[in-house]
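Please open the model in your viewer and keep the selection panel at hand. The tour below moves from one selection to the next and says what is there.

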Amino acid sequence: MSSSVLNTSWYSHQPSQEGAKELYRKRHFHISRTLAWLLRHSAEQQCLYMRRDGYVCVQDLLNHPKLRGVSFIMLEDIVKRDMKQKFHLLYDPRKVNSPGAPSQLQLTSWWIRANQGHSLRHIGVALKRIVKVNEIPMAVHGTTVEAWKVIAKQGISRMGRKHIHLAQGAPGANVISGIRNTSRVLIFIDIERAMQNGIKFYLSDNGVILTEGNAYGLLEPCYFKKVEFVEIKTMLLDV
């Protein structure tokens, strides 16, 4: 009888299949956030060696206290499943001659970087320079209603990052990265006018349009083609 009770108690504490999936998703989300924090902003502060092209050795990364227990297989799965393709894994055989199932030694030949979003000034991730307007369908910056009140006056700021981020379309329009689905204000940029005035634009590996803006790190309101408030579909500006 007691054995039966114990067994029932044990099963009652096991997560359902759906519950297990939710735990798995939450775990992946937490790891992804930690990766972004380390690879975009905090590698040096956390004593992680970062190459000038933004790559960090996977073995060093997985030895970080906040990523203990994360395996290479889990890391690879997170990179592959990331809808915004924020990260890139690179096999650079400097110590191992041929790739394969990553052993502890082989992990020294695997490197990972964030594709964009860095605040570390000395990092130079390879970007494709956009030289013709027709290379991209459109450029959109998503923001909040509160932030728009400031942006409408001074322009879009790159803040603490190296670049201002723009998407190649509105959320949900087959756009992988560059804009949050929660954005309530969409600012459409006049790329042609900006390029004519010397503003440079680049394309990251995951399709995000990047620009440093002007000398003050701003993309001024004169380059706003139109601005839409998503919730009520009201056009705030059309120039």
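## First stop: helix α4

Begin by selecting α4, in which F72, L75, D77, I78 and V79 are buried, where buried means under 20% relative accessible area, exposed over 50% and partly exposed in between, with a 1.4 Å probe and protein chains only. Helices (H or I, at least four residues) and strands (E, at least two) are DSSP runs, numbered from the N terminus. The model is a predicted one, in which local features need pLDDT of at least 70 and side-chain atom pairs count only at pLDDT 80 or more, while totals for chains, interfaces and linings use all residues. Residues are numbered from 1 along each chain as its sequence is written, and side-chain values use heavy atoms, with hydrogens and water left out.

## Second stop: α2 against α4

Select helix α2 (residues 17–42) together with helix α4 (residues 72–81), which pack at an angle of about 85° with their axes 10 Å apart; axes are lines fitted to C-alpha atoms, for helices over the stretch in contact, and angles run from 0 to 180 degrees between N-to-C directions. The two helices α2 and α4 are therefore roughly perpendicular to each other, a term that covers 65 to 115 degrees.

Now show the side chains of the contact (heavy atoms within 4.5 Å): Y24, R27, H28, I31, S32 and L35 on the α2 side meet M74, L75, D77, I78 and R81 on the α4 side. Six residues of this contact are nonpolar, two polar and three charged, with Ala, Val, Leu, Ile, Met, Phe, Trp, Tyr, Cys and Pro counted as nonpolar, Asp, Glu, Lys and Arg as charged, and the others, Gly among them, as polar.

Which strands join β3? Strand β1 (residues 56–57) runs antiparallel to β3 and is joined to it by two bridges, with C57 opposite W111. Strand β2 also pairs with β3 in the antiparallel sense, over five bridges, and the bridge partner of Y91 in β3 is W110. Two strands are taken to pair if DSSP finds at least two bridges between them.

Select four strands in the order β4-β9-β10-β7, which form an open sheet with antiparallel pairing. β4 (128–130) and β7 (164–166) stand at the edges with a single partner strand each, so one side of each is left without a neighbour in the sheet. Neighbouring strands of this sheet are turned by 35° against each other on average, direction ignored.

## Last stop: R184, then the whole protein

Follow the chain to R184, in the loop between β7 and β8 (185–189). R184 is partly exposed, with a relative accessible area of 30%, and its C-alpha atom is separated by 9.5 Å from that of W148, 36 residues apart along the chain.

Finally, zoom out to the whole protein, which has six helices and 13 strands, and in which buried residues make up 43% of the 239 residues.

Conventions: Angles under 35 degrees count as roughly parallel, over 145 as roughly antiparallel, 65 to 115 as roughly perpendicular and the rest as oblique.
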